[in-house]
Amino acid sequence: MDDRTFGAVITEVPEEVRVRLSGDLNARADEALASTYTQVAALGPRRVSLDFGHVGYINSTGIALVVRLLADARRDGRTVRAFGLTEHYQEIFRITRLSDFMEIVEGDAA
């Protein structure tokens, strides 16, 4: 797996599940991100934190995948927050209004 291939590592911590995303978030990430959410949902957390600190690139399809994850989380009664976003992607999340549906934590640590 090269450093652009999408991946996710799930870690349970008190009161939430953290998901460290890596690689490119694009159409090739679809199945992996969906599978990741299924695994997270099985753990039953009330909050999910997405670590974007190792994501190199997010295109419009990647944004749509995040929207789907947010919709699934909302349906399941989970809150979502994101951290590790570059200033550029923080701005994109504001422009696309993703930030209306998730807490954006500035910096690398939640």
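1. A salt bridge is counted here where a side-chain nitrogen of Lys or Arg lies within 4 Å of a carboxyl oxygen of Asp or Glu. The model is predicted. A search of the whole structure finds 10 salt bridges. The points below take up some of them, and then turn to the aromatic rings.

2. E16 and R18 form a salt bridge, and their closest N and O atoms are 2.5 Å apart. That distance is within 4 Å, so the pair counts as a salt bridge. The two partners can be told apart by their surroundings. E16 is buried, because its relative accessible area is 4%, and the cut-off for buried is under 20%. R18 has a relative accessibility of 29% and is therefore partly exposed.

3. Together with R47 and R81, E16 and R18 are linked in a network of salt bridges.

4. R75 pairs with D72 in a salt bridge, with 3.2 Å between the closest N and O atoms. Where do R75 and D72 sit in relation to helix α2? Both are in this helix, which covers residues 60–75, and they are three residues apart, so about one helical turn separates them. R75 is exposed, with a relative accessible area of 59%; the cut-off for exposed is over 50%.

5. A further salt bridge joins the side chains of R97 and D100, at 2.6 Å from N to O. Are R97 and D100 buried, partly exposed or exposed? R97 has a relative accessible area of 52% and is exposed. D100, at 43% relative accessibility, counts as partly exposed.

6. The point behind these pairs is a simple one. Side chains of opposite charge can pair when their charged atoms come close.

7. The structure holds one aromatic pair. Its rings belong to F52 and F93, with centres 5.6 Å apart and planes at 85 degrees, so the pair is edge-to-face. The cut-off that decides this is an angle over 60 degrees. The pair links distant parts of the chain, since F52 lies in strand β3 (residues 47–58) and F93 in helix α3 (residues 87–95), 41 residues apart.

Conventions. Residues numbered from 1 in each chain as written. Predicted model: local features only at pLDDT ≥ 70, side-chain atom pairs only at ≥ 80, totals over all residues. Heavy atoms only, no water. Buried < 20%, exposed > 50% of the residue type's maximum accessible area, 1.4 Å probe, protein only. Helix = DSSP H or I, 4+ residues; strand = E, 2+ residues; numbered from the N terminus. Phe/Tyr/Trp six-rings, centres within 6.5 Å; stacked < 30°, edge-to-face > 60°.
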